[in-house]
Amino acid sequence: MIETTGLRKSYRKKTSRRSGDSPTVDAVRGIDLSVAAGEIFGFLGPNGAGKTTTLRMLATLIRPDGGRARIAGADLFADPAEVRRRIGYVAQGGGTTDHVSAREELVLQARLYGAGKAQAVRAAEDALKAFDLTGFGDRPCATYSGGQRRRVDIALGVIHEPRVLFLDEPTVGLDPASRAGVWEEIRRLRTQGMTVVVTTHYLDEADALCDRVAIVDHGEVVAEGTPAALKREISGDVLLLGLEPGEDVAGRAAEALRPQPYLHRLEDSGEEGLRLYVADGAAAIPQVLRALDAAGVTPGTVQLQRPSLDDVFLARTGRSLQQS
Ligand SMILES: Nc1ncnc2c1ncn2[C@@H]1O[C@H](COP(=O)(O)OP(=O)(O)OP(=O)(O)O)[C@@H](O)[C@H]1O
């Protein structure tokens, strides 16, 4: 449904003359993607990784500097107008107006996509029902909760029944219950056969919602696959070692543990403690405790964890996504 090769985009920096920096920032440095029909595909990455730029290129809102892309059967470079007819796009923060109701927004959007008046009124009514907006859909959008407003944004994005929907950070700033509600709507669209591409910097969102994920950093895809397959690449377990406060406790613990033969890698996660990558967590715990004891370090807590998508990010980039 989406195929891209070498998609790239640079921006001119406004401050370049004074700072003496390079005059451009390479926001997207050649992205190859293949998204299947009916998939929920996620772009996961830290702020500034190039997620929004990629999404806006695919949605025909920014012209790429190079590469190739086909979306829903149309060529992005040769026929962007056709691409635009076949896709929906919901920007970060959405586009609803405070004093207008969801119904009015939906009617207007349907008319923008060429529906006649009666047809647009019917489409709005159907969307209000489908997205569970009937209880408040005639009130001004300013009176909605964050989650209700996001549902209206998504309803607006699909009023013309696109084959592909692009959602930029669909749950940013929402409470857990509202996020779950938005995920439900996205899954419902998938069951109708729609292909959905979301950007997110939430690890749990990528893990729970997306069928496949491209992890992006500095404008490049650093890993791609199903969340389960990506995590399987990180073989073994993670021990999260919380430490009692004290002078350079983390440094002394790390010094004691680094030479241990069962330790694959050690990362200092700041306040969270030390992350120890080992083949077999349960077997390593007593050995870790003995090594710490010998070094005179008292551990606070030891937790055995399965690898997360953050561990994948860490393995590929040397940084934690949560701290980026
Ligand atoms: N219009 C612009 N002019 C100059 N630089 C830009 C522009 N838009 C984005 N950038 C830069 O391009 C890089 C990628 O930005 P982009 O917004 O695509 O990242 P992102 O992963 O979506 O991050 P965020 O989640 O913060 O939006 C960043 O370094 C950003 O500062």
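Modeller: Two strands pair if DSSP finds at least two bridges between them, a strand being a DSSP run of E of at least two residues and a helix a run of H or I of at least four, both numbered from the N terminus. The model is predicted, and local features need pLDDT of at least 70, side-chain atom pairs pLDDT 80 or more, while totals for chains, interfaces and linings use all residues. Residues are numbered from 1 along each chain as its sequence is written.

The C-alpha atoms of the chain fill a box of roughly 80 × 50 × 40 Å along the principal axes. Of its 324 residues, 38% count as buried (20 or more other C-beta atoms within 10 Å of the residue's own, placed from the backbone).

Buried residues also form nonpolar cores (buried Ala, Val, Leu, Ile, Met, Phe, Trp, Tyr and Cys joined through C-beta atoms within 7 Å). The largest core holds 68 residues, of which L106, A155, F166 and V196 touch the most other members. Helix α5, residues 117-130, supplies the largest share of this core, namely five residues. Apart from this core lies another, of 13 residues, including L276 and Y277 as well as A284 and V288. Returning to V196, and leaving aside neighbours within four places in sequence, its contacts (C-beta atoms within 7 Å) are I40, L165, L167, I186, L189 and R190.

The ligand is a further feature of the model. Around the ligand (C-beta atom within 6 Å) are Y11, V25, A27, G45, N47, G48, A49, G50, K51, T52, T53 and H201. This shell divides into four nonpolar residues, seven polar and one charged, where Gly counts as polar. Strand β2 (24-35) and helix α2 (51-58) each supply at least two residues of the shell, and α2 gives the most, with three.

Notes: A residue is buried if 20 or more other C-beta atoms lie within 10 Å of its own, exposed if 12 or fewer, and partly exposed in between; C-beta atoms are placed from the backbone. Two residues are in contact if their C-beta atoms, placed from the backbone, lie within 7 Å.
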